[in-house]
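Hi everyone, and thanks for coming. I'd like to walk you through a structure that may be new to you, so please have a look at it while I talk.

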Amino acid sequence: AEGERQQWVLEWPGQVVICVDNIYWTQEVSDAISRNALGEYYDQQCKQLLVLVDVVRGELSKLARKTLTALVTIDVHNRDVVKML
C-alpha cells in the first residue's frame, strides 16, 4: 500500500493530494484513538515520512517537488500532533 501512496501523490494535483491526505489522517487518528493505538500510528507516520523523503530526493518535476514539499511539511506537523496526543 505504501508504494501505491508514493505513486498516487505524483499523479494528482497538489491541492487534491493535500486534501485527501488530511482526510485520511483525520480518519486514521480517530481510529487510532478509539483503538488506543496512537503509538503504533505514530510509528506508521514516521515510516510514511521516510518514504516521501526518499521520493523527494529523487528526480522530480518542479511541480511534483513543490507538491511533495508541502505534503511533507503537513505530514510532519500531523506527526507532531499525534506525538502530543
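You'll find Asp21 in helix α2, which covers residues 14-34. Before I go further, please keep in mind that this is a predicted model.

What does the side chain of Asp21 make a polar contact with? The partner is the side chain of Arg5, at 2.7 Å. Setting aside residues up to four places away in sequence, Asp21 touches Arg5, Leu71, Ile74, Asp75 and Asn78.

That brings us to the helix pair α2 and α4. These two pack at an angle of about 15°, and their axes are 10 Å apart. Angles under 35 degrees count as roughly parallel, so α2 is roughly parallel to α4. The crossing of this pair, α2 and α4, is right-handed. On the α2 side, the residues that meet α4 are Gly14, Val17, Ile18, Asp21, Asn22, Trp25 and Val29. On the α4 side, they are Thr67, Ala70, Leu71, Ile74, Asp75, Asn78, Val81 and Val82. Sorted by type, the residues in this contact of α2 with α4 are nine nonpolar, four polar and two charged.

Next, please look at α3 and α4. Helix α3 spans residues 38-57 and helix α4 spans residues 62-84. They pack at an angle of about 160°, with axes 10 Å apart. How do α3 and α4 run, roughly parallel or roughly antiparallel? The cut-off for roughly antiparallel is over 145 degrees, so α3 and α4 are roughly antiparallel to each other. Their crossing, α3 with α4, is left-handed. From α3, the contact is made by Leu38, Tyr41, Tyr42, Gln45, Cys46, Leu49, Leu52, Val55 and Val56. From α4, it is made by Arg65, Leu68, Leu71, Val72, Asp75, Val76, Asn78, Arg79, Val82 and Lys83. By type, the contact of α3 with α4 has 13 nonpolar residues, two polar and four charged.

With a relative accessible area of 3%, Val82 is buried. What does Val82 touch, leaving out residues up to four places away in sequence? The list is Trp25, Val29, Leu38, Tyr41, Tyr42 and Gln45. Two of these names, Trp25 and Val29, came up on the α2 side of the contact with α4, and Leu38, Tyr41, Tyr42 and Gln45 came up on the α3 side of the other contact. Val82 is also 45 residues from Ala37 in sequence, and their C-alpha atoms are 11 Å apart in space.

Now for the remaining pair I want to show, α2 and α3. Here the packing angle is about 150°, and the axes are 8 Å apart. Trp25, Glu28, Val29, Ala32 and Ile33 in α2 meet Leu38, Tyr41, Gln44 and Gln45 in α3. That contact of α2 with α3 divides into six nonpolar residues, two polar and one charged.

Glu28 is worth a stop on the way. This residue lies in helix α2, and at 24% relative accessibility Glu28 counts as partly exposed. Apart from neighbours within four places in sequence, Glu28 is in contact with Tyr41 and Gln44. Between Glu28 and Ala64 there are 25 Å, C-alpha to C-alpha, and they are 36 residues apart in sequence.

Let's move to the loops. Asn36 is in the loop between α2 and α3. Is Asn36 buried or exposed? Its relative accessible area is 73%, so Asn36 is exposed. Asn36 also has a positive phi of about 55°, although it is not a glycine. Most residues other than glycine have a negative phi.

The loop between α3 and α4 holds Ser61. Ser61 is partly exposed, at 43% relative accessible area. In sequence, Ser61 and Leu10 are 51 residues apart, while in space their C-alpha atoms are 9.6 Å apart.

That takes us to Leu10 itself, in helix α1, residues 2-11. Leu10 has 37% relative accessibility and counts as partly exposed. Not counting residues up to four places away in sequence, Leu10 touches Val55, Leu60, Ala64 and Leu68. Compare Gln45, which is 35 residues from Leu10 along the chain, with 19 Å between their C-alpha atoms.

Technical notes: Residues numbered from 1 in each chain as written. Predicted model: local features only at pLDDT ≥ 70, side-chain atom pairs only at ≥ 80, totals over all residues. Heavy atoms only, no water. Axes fitted to C-alpha atoms, helices over the stretch in contact; angles between N-to-C directions. Helix = DSSP H or I, 4+ residues; strand = E, 2+ residues; numbered from the N terminus. Parallel < 35°, antiparallel > 145°, perpendicular 65-115°, else oblique. Left-handed = near helix turned anticlockwise from the far one by under 90°. Contact = heavy atoms within 4.5 Å. Nonpolar A, V, L, I, M, F, W, Y, C, P; charged D, E, K, R; others polar. Polar contact = N/O pair within 3.5 Å; in protein donor to acceptor, adjacent residues only side chain to side chain. Buried < 20%, exposed > 50% of the residue type's maximum accessible area, 1.4 Å probe, protein only.
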